[in-house]
Amino acid sequence: MLLEGKVVLISGAARGIGRASALVLAREGADVGVADILPEVEETARAVAALGRRAAWAVFDISNPAEVARGVGQIREQLGDIDVLVNNAGIVANIARLEKMTHEAWQREISVNLSGAFNMIKEVIGPMVRNKWGRIINISSGAATGGLHKQIGYAASKAGLLGLTKTVTLEHARDGITCNAILPGLIGTELVQMMPEEIRERAVASIPARRIGRTEEVGDLIAFLASDRAAYINGAEIRIDGGMGLNVGSLGSRREMKESTGDL
Ligand code: NAD
């Protein structure tokens, strides 16, 4: 097991990648604290406990620094110092072109996706420095480097996470702390499964691996980055996307896609 004796805190763990990853980390031996704005996160904690690990949950909004201090404090009281922080919670507040994107949607995406991670890191970094060991894993997105049509605030917030990640590394690598960013492509959460079939098929056709990723595959990458084995990986941007971030727009790739789907 990769994570025996470690205490993990993962945000956005009521469902999707966060929930699946919490269970992967528990199977690797970690005690797991789970946080979410949704009370359903309690069920994830119960599933962790059913695997024989210590579990704790807290319901709070990561964009609110006072709530973060309270919620992380609650988890720490039950599990002890946080060794591994996974900043997974994230939102798309609106889908619209720049002209129609509201200031409110822009600000909400920045404050949850980017400031939320900052707020969480500030709450856990002190004990990590004292213990001379820590892992911080930020779930960014392929949108961070490629942009995303009609999701300007989301893409900007995910790009901001890369700057945050690298600066934590610069400031804290000497303290035995690593901070890395994961850039998922299309991962098969409940929401992605609910996409209309035609849109899902078109998306799959643009992925060199010709399939959507599994939530547990992201969990496996988190588990490795959280372990002692990944001690020298720091400030990195790691894609998990079946090759989606590569040059799929080139003529050769487009022709090959057309042959495999017939209609693109
Ligand atoms: P999801 O919507 O299924 O889960 C996100 C969780 O975060 C939810 O449980 C939600 O309640 C929680 N959350 C939202 N706002 C919060 C807040 N203010 N405070 C606390 N919790 C909050 O999403 P997912 O697909 O599992 O995505 C997880 C992460 O992975 C996100 O950061 C997302 O941007 C990123 N990502 C996902 C994909 C994908 O294909 N699914 C691709 C790239 C990046």
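Which element gives the largest share of the lining of the largest cavity?

Analyst: This is a predicted model, in which local features need pLDDT of at least 70 and side-chain atom pairs count only at pLDDT 80 or more, while totals for chains, interfaces and linings use all residues. Residues are numbered from 1 along each chain as its sequence is written, and side-chain values use heavy atoms, with hydrogens and water left out.

The largest share of that lining, four residues, comes from α4; helices here are DSSP runs (H or I, at least four residues) numbered from the N terminus. A cavity is a set of points on a 1 Å grid over the protein atoms alone where a 1.4 Å probe fits but cannot get out, and its lining residues have an atom within 4 Å of a point. The count comes to one cavity of 30 Å³ or more, and the largest cavity holds about 40 Å³ of space, a volume being the space filled by probe spheres set on the grid points, which are joined across faces, edges and corners. Its lining includes N88, V112, N113, G116, A117, K158 and L161. Two or more residues of this lining come from each of α4 and α6. By class, the lining divides into six nonpolar, five polar and one charged, where Ala, Val, Leu, Ile, Met, Phe, Trp, Tyr, Cys and Pro count as nonpolar, Asp, Glu, Lys and Arg as charged, and the others, Gly among them, as polar.

Conventions. 1 Å grid on protein atoms, 1.4 Å probe; cavity = no way out; pocket = protein on both sides within 12 Å on 5 of 7 lines; lining within 4 Å.
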